[in-house]
Amino acid sequence: MRILIVGCGRVGGLLAGRLVENGNDVSIVDANSRSFRRLPEKFPGRVVLGTGIDEDVLRTAGIEQANVFVAVTQDDNTNIMSAQIARNVFGIDRVILRIYDQARAAVYRQLGLTVICPTTTVAGMIEEEVLRSTTAALRSS
Amino acid sequence: MYIILVGGGKVGYYLTKTLINEGYEVFLIEKNPLKCHTYSERFGSVIMQGDGAEAATLAAAGAARADVVIAVTGEDEDNLVICQMAKEKFHVGRTIARVNNPKNEELFRRLGIDVTVSQTNVILSLIEQQIPDLPFVHLMSLRHADLAIVEARVAEHSPILDQPIERIQFPPEVIVTAILRKGGLIIPTGQTVIRAGDELICVTKREREEALQDLLGI
């Protein structure tokens, strides 16, 4: 699979390393060259310096050949814009993006994008743990 | 008419001021608390501190009853999301986005923004109008319909010199709406005769521009 990732933060860097290990062809874009330090040593994929909301940058990163597009920069709106460029300009079916704000996540999910919202996911996981400890406390009392 | 503006930079500031003076009901959303403080001293309570891409902020500003949302921040990605949230979540009828990178105009329209304003393109066209010797200038592009309003000067060797408009075969989809001659304005009729040096203000389809230029000897 040819995968293009926009944003080389902790998530983007980790994801790029894992996907390469599984034999995928990965390109990664970030606006800050220091971010690429998060990639594994001798990363075999393509590394492109630039903003993920610029069609020319995305072209350089090989978006025209990509099967999957992932947007995981720190900025929700950058992820939203680059994901829509990937889908509406370059016609990529599989577009996955991260949106922290749950209201925005809901709107763009409705527009057909695959949205991961860490805020709701993490809050849900923590809530589960909290509930589990209160049940345990109740049981032991 | 109720207008919500997002982004209190220079553009947002002067737009707010002008629209208020013209009697519109205006509300400005700006991220920076310091700016909000200064502006509220000048405009009164029509300013709110917040992130215009956030649903809660838009709701508090009354987006549900807004007729127009205008996003004029310095970041294209923010302007896009502000307008899309206004449309998708609050069903705002008309959204206008400032586009900082002119390449994004086309993209924004494709993504459902009603009107885009690219400063770069606007300034470029204003500069073109001020350069005296340009015989063919775009005054305005109406890209939804692929139309343009142009100003074109009739050359000395144009084939249509000294003929009345009714006898001239203009290219299809070209209309001469006004003629500027020696500083005066002429609203043309079929009998108006074209002279060398006349400035024709035309509405034209983009693809007819070249034919029009040929006809005027440009």
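Predicted model: local features only at pLDDT ≥ 70, side-chain atom pairs only at ≥ 80, totals over all residues.

Chain A contains 5 helices and 6 strands. Reading from the N terminus, its elements follow the pattern β-α-β-β-α-β-α-β-α-β-α. The C-alpha trace spans about 60 × 35 × 25 Å along its principal axes, and 38% of the 141 residues of chain A count as buried. Among the contacts in chain A with a separation of 6 or more, 45% are between residues 24 or more positions apart.

The 6 strands of chain A form an open sheet with parallel pairing, in the order β3-β2-β1-β4-β5-β6. At its edges are β3 (46–49) and β6 (114–116) of chain A, each of which pairs on one side only. From one strand to the next, the twist averages 15 degrees. Helix α1 (residues 10–21) of chain A packs on this sheet and touches β1, β2 and β4 (68–71) of chain A. The direction of α1 makes about 165 degrees with that of β2(A). To see one pairing in detail, look at strand β1 (residues 2–6) and strand β2 (residues 25–30) of chain A: they run parallel and are joined by 5 bridges. Within this pair, A:Val6 stands opposite A:Val29. As background, strands of a sheet pair through backbone hydrogen bonds, either parallel or antiparallel.

Now let's cross over to chain B. In the contact between the two chains, 15 residues of chain A meet 15 residues of chain B. On the chain A side, α3 (76–89) and α4 (102–110) each supply at least two residues, and α3(A) gives the largest share, with 8 residues. By class, that side of chain A has 8 nonpolar, 4 polar and 3 charged residues.

Here is the part for our close look: strand β4 (residues 68–71) of chain B. B:Val68 and B:Ile70 point one way from this strand, B:Val69 and B:Ala71 point the other way, and all are buried. What does β4(B) pair with? One partner is strand β1 (residues 2–6) of chain B, which runs parallel to β4(B) and is joined to it by 4 bridges. In that pairing, B:Leu5 stands opposite B:Ile70. Another partner is β5(B), also parallel and also over 4 bridges, and there B:Val69 stands opposite B:Thr95.

Let's stay with B:Val69 for a moment. Leaving aside neighbours within four places in sequence, B:Val69 is in contact with B:Ile4, B:Ala63, B:Ile82, B:Cys83, B:Ala86, B:Val92 and B:Thr95. B:Val69 also belongs to the largest nonpolar core, which has 71 residues. Within this core, A:Ile5, B:Ile4, B:Leu5, B:Val69 and B:Ile82 touch the most other members. Helix α4 (residues 76–90) of chain B supplies the largest share of the core, 6 residues.

That helix takes part in the way the chain continues. β4(B), α4(B) and β5(B) make a right-handed β-α-β unit. Strand β5 (residues 94–99) and strand β6 (residues 115–118) of chain B pair in the parallel sense over 4 bridges, with B:Ala97 and B:Thr116 as bridge partners.

An open sheet of 5 strands has antiparallel pairing and the order β7-β8-β11-β9-β10. Its edge strands are β7 (136–142) and β10 (184–186) of chain B, and the twist averages 20 degrees from one strand to the next. Strand β8 (residues 147–153) and strand β11 (residues 199–205) of chain B pair over 7 bridges in the antiparallel sense, with B:Val150 opposite B:Cys202. Helix α7 (residues 209–216) of chain B lies across β7, β8, β9 (174–181) and β11 of chain B, running at about 15 degrees to β8(B).

To finish, come back to β4(B) in your viewer: find B:Val69 and B:Ala71 pointing one way, with B:Val68 and B:Ile70 pointing the other. Then follow the β-α-β unit through α4(B) to β5(B).

Note on methods: Residues numbered from 1 in each chain as written. Chains lettered and ligands numbered in written order. Buried ≥ 20, exposed ≤ 12 C-beta atoms within 10 Å, placed from the backbone. Contact = placed C-beta atoms within 7 Å. Pairing = 2+ DSSP bridges. Axes fitted to C-alpha atoms, helices over the stretch in contact; angles between N-to-C directions. Nonpolar A, V, L, I, M, F, W, Y, C, P; charged D, E, K, R; others polar. Core = buried A, V, L, I, M, F, W, Y, C linked by C-beta atoms within 7 Å. Right-handed = clockwise from strand over helix to strand, strands pointing away.
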